[in-house]
Amino acid sequence: MTDLTALYAQRLTSAAEAAALIPSGSKIAMALGVGQPPAILKAIADRAEAGQVDDLRVYYLLSTSIAGDTVLRYDLMDRIHPYSLFHSAVERRLDARAHDEGKAPVVQVIPTGFQQAPRILCQEIGVDTLVATVSPMDADGNFSFGTNTDYAQPVSRTAKRVILEVNPHMPRVFGQSTVHVSNVTAVVENAVPLLEVPRARPQPADTVIGGLIAGLVGDGATLQMGIGALPDAVCAALKDHKGLGIHTEMLTPGLVELMKAGVVNNARKSLNPGKTVFAFCMGDRSTYDYLHENPAIEGHPVSYVNDVHVIGQNERMVSVNATLEIDLNGACCSEHLNGRQFTGSGGQLDFVRGAYASKGGQSIIACHATAKSGTVSRIVPTLCGPVTTPRNDVHIVVTEYGVANLKGLSTAERARTLIGLAAPQFRDALTAQATAMEPVYACGPA
């Protein structure tokens, strides 16, 4: 028995015994998305349900059904307190139920950009426990965080309890994405299929916008794509491009398909040439299989991937992100809907600023012109929620009605330009609202 094998054996335990290591009052960092460990989270929920632990604070981004069915069950909210840095449908359902019952929201929101998440979790909050899914240990004693290096890897360096769920289905990924067995408190083995995320069906507007954006992307550009049908439509429209690279917080099936097709080879990247760089991945089984021990792909902490100065070192960087609303100044709200937190800031502003700092870079905000079957304009006089991307930072805006570069435009020029990107049935009303609200919009040469 080698020393590494002995260390592993010493840490190997059941999910129930691992959960028992987490005392009441703990501050737990739960891995993002696919990295959420089902067996460990169920064991924590079971202990809370049995009254064996209380006052657990769980910090995370982007929960899935794995957490929703365990530690984020509504009936446990008096013992487990969620602190979300980025909402999903799980948090929206929890708060909707609380609202229906006349109660305050049960999920606490922590506003932040994604790049800051490791520092916030490790230093500002000081989480003491990490729970995450990893790949099996390699010959050097390292576990790979696989799909989820993001904040899990940095937290593994500072948390006093690192509790890992080893799953042979988790891909082993190169880059700065590992934790050594000597730094691990407990290991739970659980061979279950990884969570797969179905791809959203593109709408006609997605296809139009995807084609417009693809027309802005030159061969040799480095890409960042956000989540959803619209970025997938952009990827589909890039199939005839050449020599593209990837530096992205989220690695999507659409981007992986571009790699498989040879459209992405990373050969012309100015930073990390030859390598696709990502912080987390969500997709299907074929996507995860493509990641496994692929020397052309590296996972890195989001503190690196989303660092504005790092992003800006990629020449011809093209960032594509979606938003929910754009006001007539050009400011974007990408996280609030109907008066409630809908998602979070994520890495949008990180890449908006990083791409514009890049030599020859473009930051693109994509937005459907309307919502609710064309009855609501997404271009509005004023935003209904917080500003995710300030007007000072917005570069290029694309809707199904066209493309506009807002840099260098006055407020009046911006208003007229954005109204031109709105659906035709809303343009007269927007013009009247703009003039009544802010006469400066109507000033200056047309």
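Okay, let's start with a helix pair: α8 and α9 cross in a right-handed way, where right-handed means the near helix is turned clockwise from the far one by less than a right angle, and left-handed means anticlockwise. Helices here are DSSP runs of H or I with at least four residues, strands are runs of E with at least two, and both are numbered from the N terminus.

Before I go on, the housekeeping. This is a predicted model, so local features need pLDDT of at least 70 and side-chain atom pairs count only at pLDDT 80 or more, while totals for chains, interfaces and linings use all residues. Residues are numbered from 1 along each chain as its sequence is written, and side-chain values use heavy atoms, with hydrogens and water left out.

Back to the pair. The axes of α8 (residues 204-214) and α9 (residues 229-237) come within 8 Å and cross at roughly 50°. Axes are lines fitted to C-alpha atoms, for helices over the stretch in contact, with angles from 0 to 180 degrees between N-to-C directions. That makes α8 oblique to α9; under 35 degrees is roughly parallel, over 145 roughly antiparallel, 65 to 115 roughly perpendicular, and the rest oblique.

Who touches whom? From α8 it's D206, T207, I209, G210, G211, I213 and A214, and from α9 it's A229, L230, A233, V234 and A237, with contact meaning heavy atoms within 4.5 Å.

Now the sheets, where two strands pair if DSSP finds at least two bridges between them. Inside, β5 (residues 129-134) and β7 (residues 161-166) run parallel, joined by 6 bridges, and A132 stands opposite L164 in β7.

β16 (residues 325-327) pairs with β23 in the parallel sense over 2 bridges, and I326 has I379 as its bridge partner in β23.

Zooming out, the protein chain has 16 helices and 25 strands. Its radius of gyration is 23 Å, close to the 22 Å the globule rule gives for 446 residues, so it is as compact as a globular protein of that length. That radius is taken over C-alpha atoms, and the rule is 2.2 Å times the number of residues to the power 0.38.
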